[in-house]
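Here are a few friendly notes to read alongside the model. Please keep the sequence and the 3D view open as you go.

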Amino acid sequence: MLSARRAALAGLARAGEGAPGLGLGLGPGRACSARLLLPPGGAAQPHPPGWREAVAAAVGALQAGGLVAVPTDTVYGVACLAQDSGAVRSIYSLKGRNGGKPLAICLGDVDRLYRYCHVNVPDELLRDLLPGPVTLVLKRSEELNKDLNPFTSLVGVRIPNHPFIREVARACSGPLALTSANISSRASTLTVSEFQDLWPQLSLIIDGGPIGDVQSPECRLGSTVVDLSVPGKFSIIRPGCALTSTVEILRQKYGLIPESS
C-alpha cells in the first residue's frame, strides 16, 4: 500500500507541473506528503485553472487509502474514506485518540444523507441547516462502515458550505470521515502551517489559505453539533460557531424543544 501511495503521489506531482494556479511541494523527508495550493474561485468561478486538478488529486489520495487535509467552512479538517477501515484507524492514530471519540461523516449533498442515516426530521429542516457550519447527529444506518464509531448507534453528518470539499465528496463513492486538523484537545487550525506537525502523516495537504480571522478565537469554534436523533427534540452537543441561528431554526420554524425540557 505504501509503494502504491508513493506512486500515486508521484503521478499527482507530474499532473501539477505547469498547471496555472496549482502549486505542489514535497517536504524534505516526507515521501508520502504533498501540498497543493488551491486556486481561488470555486462557487464564484466554478472551474478556475487548477481547480479540477486539485479535486482529482484529493480524490486519488483518498482512494489510495490516504489522509487528506482540506479547508472547510469553519476550520481545516482531515478526511479519509469512511468505508475504509484502515484509513479510519489512521485518522484515530493521527488525532492521538483511542477510538472512543466519534468521527463525523462528510457528504456533498443532502440527498446522499438518507443512505447512511435514519432521518426523523423534515427534509426541509436538513436543507435549512445544510450545507453550513453545523453537524447533525442522527441514527446511523447499516450502510455505514461498522468500524467507524462502533461504540455508538449515532453518527454526526457534515456538509460544509465549501465548494472544494463538497466536490471531493461528490466524486467519492461513499462518505468521507472528517475530523479537525489538530491533535485532540489542541486548538482548531485556520491555516495549514498551524498543523505542520501532522504533515508527515498526511498523504496530501490542500492549502486553501487562511479560514476566517486567525486572530479571532470565535473563528476556531468549529461547527455547531446538534443531536436530532430523538423525535421532536434537539440537544446541543457543542455550541460551535452557529448556535444562535441553529436553535432559532429548530425552535421557531420547526417547533423542536430542547431534550432537557
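1. Let us begin with a term: two residues are in contact when they have heavy atoms within 4.5 Å. This is a predicted model, where local features need pLDDT of at least 70 and side-chain atom pairs count only at pLDDT 80 or more, while totals for chains, interfaces and linings use all residues. Residues are numbered from 1 along each chain as its sequence is written, and side-chain values use heavy atoms, with hydrogens and water left out.

2. Now to Ile 236, which sits in strand 12, residues 233–238. Setting aside neighbours within four places in sequence, Ile 236 is in contact with Val 225, Val 226, Leu 243 and Val 247. Ile 236 lies 10 residues from Val 226 in sequence, and their C-alpha atoms are 4.5 Å apart.

3. Is Ile 236 buried or partly exposed? Its relative accessibility is 29%, so Ile 236 counts as partly exposed. (Buried means under 20% relative accessible area, exposed over 50%, and partly exposed in between, with a 1.4 Å probe and protein chains only.)

4. Compare Thr 135, in strand 7, residues 134–140. Thr 135 counts as buried because its relative accessibility is 7%. Beyond residues up to four places away in sequence, Thr 135 touches Gly 156, Val 157, Arg 158, Ser 223, Thr 224, Val 225 and Val 226.

5. Finally, the whole protein: it has 7 helices and 13 strands (DSSP runs numbered from the N terminus, helices being H or I with at least four residues, strands E with at least two). Of its 261 residues, 51% are buried.
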